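Work through the exercises below with the sequence and the structure open side by side. Each task is followed by a solution in steps.

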Amino acid sequence: MAAQQNSEERQPISQPLTPEEVSPEQRAEMKRAMKENDLVLNPGDYVDGEKTLEEKSKQVAVDTADITGDRIVVPTYFVVDDTDGEQKALHHIKDAEEISDVIRQARVDEDGNRTWN
C-alpha cells in the first residue's frame, strides 16, 4: 500500500448496491461461472487474497432477482474503518461476526445522525 492516508484524506470507496452499479464484466463472469461450474458458493463469494481493497469493494456476491422479481445485489466485502483508522474489507460470510460487531457500534443520536462508539 502506498503512503498511508488518514480518514480525512482518503477517497471514499463506493460499493455496488444496485444492479446498475455492478460492472457488466462482473455480471457476465458470474453468469459464465454459474453455467460452467458446479459451485458450492455463489461465484462472487470466493475469497481472493490478492485483490486490493478497491477491487474487493467492487466484488459482488449476489446479483439476481428475488422471488418478487426485484433485483438484489449483495457485496462480497463490506469496507469498514479499523480501530487504527485504516480501512479493511470484511468478507460477508467469513467475517460475519466482525461485521456484526461493527454494526453494534453504530448509534443514532436524537437528530437521526449516525454516531460510532
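**Exercise 1. Which residues does Val62 touch, not counting residues up to four places away in sequence?**

Solution. Note at the start that the model is predicted.

Step 1. Locate the residue: Val62 is part of strand β1, which covers residues 60-65.

Step 2. Leave out residues up to four places away in sequence; Val62 then touches Met30, Asn42, Ile72, Val73 and Val74.

Step 3. Check a C-alpha distance. Val62 and Pro75 are 13 residues apart along the chain, and their C-alpha atoms are separated by 7.1 Å.

**Exercise 2. State how many helices and strands the protein has, and give their order.**

Solution. 

Step 1. Count the elements: the protein has three helices and six strands.

Step 2. Read them from the N terminus on, which gives α-α-β-β-β-β-α-β-β.

Step 3. The protein has 117 residues, of which 26% are buried.

Step 4. Consider the contacts between residues at least 6 apart in sequence: 40% of them join residues at least 24 apart.

**Exercise 3. What is the nearest side chain of opposite charge to Asp45, and how far away is it?**

Solution. 

Step 1. Find the charged neighbour. The nearest side chain of opposite charge belongs to Lys51, 11 Å away.

Step 2. Compare with the cut-off. A salt bridge requires the nitrogen and the carboxyl oxygen to be within 4 Å. Asp45 is buried and has no salt bridge.

Step 3. Look for a polar partner instead: the side chains of Asp45 and His92 are joined by a polar contact of 2.6 Å.

Step 4. List the contacts of Asp45, setting aside neighbours within four places in sequence: Gln59, Ala61, Thr76, His91, His92 and Ile93.

**Exercise 4. Describe the surroundings of His92.**

Solution. 

Step 1. His92 lies in the loop that runs between β4 (87-91) and α3.

Step 2. With neighbours within four places in sequence left aside, the contacts of His92 are Asp45, Ala61, Val74, Pro75, Thr76, Phe78 and Ile99.

Step 3. Take Pro75 from that list. The C-alpha atoms of His92 and Pro75 are separated by 7.5 Å, and the two residues are 17 apart along the chain.

Step 4. Return to Asp45: its side chain and that of His92 make the polar contact of 2.6 Å.

**Exercise 5. How many salt bridges does the structure hold? Examine three of them.**

Solution. 

Step 1. The structure holds nine salt bridges. As background, side chains of opposite charge can pair when their charged atoms come close.

Step 2. Take Arg71 and Asp63: their closest N and O atoms are 3.0 Å apart. Arg71 is partly exposed, at a relative accessible area of 39%, whereas Asp63 is buried, at 12%.

Step 3. Take Asp82 and Lys88, whose closest N and O atoms are 3.9 Å apart. Asp82 is partly exposed at 28% relative accessibility, and Lys88 is partly exposed at 24%.

Step 4. Take Arg104 and Asp101, with closest N and O atoms 2.6 Å apart. Both residues are in helix α3 (residues 96-105), and because they are three residues apart there, about one helical turn separates them. Asp101 is partly exposed, with 35% relative accessibility.

Step 5. Look for shared partners: salt bridges of this kind join Arg27, Asp63 and Arg71 into one network.

**Exercise 6. Which residues make the nonpolar surface patch of about 390 Å²?**

Solution. 

Step 1. The patch is made by Val40, Leu41, Tyr46 and Ile93.

Step 2. Leu41 is in the loop between α1 and α2, and Tyr46 is in the loop between α1 and α2.

Step 3. List what Tyr46 touches, not counting residues up to four places away in sequence: Leu39, Val40, Leu41, Gln59 and Tyr77.

Step 4. Take Gln59 as a distance check. The C-alpha atoms of Tyr46 and Gln59 are separated by 9.8 Å, with the residues 13 apart along the chain.

How values were computed: Residues numbered from 1 in each chain as written. Predicted model: local features only at pLDDT ≥ 70, side-chain atom pairs only at ≥ 80, totals over all residues. Heavy atoms only, no water. Buried < 20%, exposed > 50% of the residue type's maximum accessible area, 1.4 Å probe, protein only. Lys, Arg positive; Asp, Glu negative; His and termini not counted. Polar contact = N/O pair within 3.5 Å; in protein donor to acceptor, adjacent residues only side chain to side chain. Contact = heavy atoms within 4.5 Å. Helix = DSSP H or I, 4+ residues; strand = E, 2+ residues; numbered from the N terminus. Patch = residues over 30% accessible without salt bridge, like charges linked within 9 Å, V, L, I, M, F, W, Y side chains within 5 Å. Areas by Shrake-Rupley, 256 points an atom, 1.4 Å probe, with all protein chains shown as cover.
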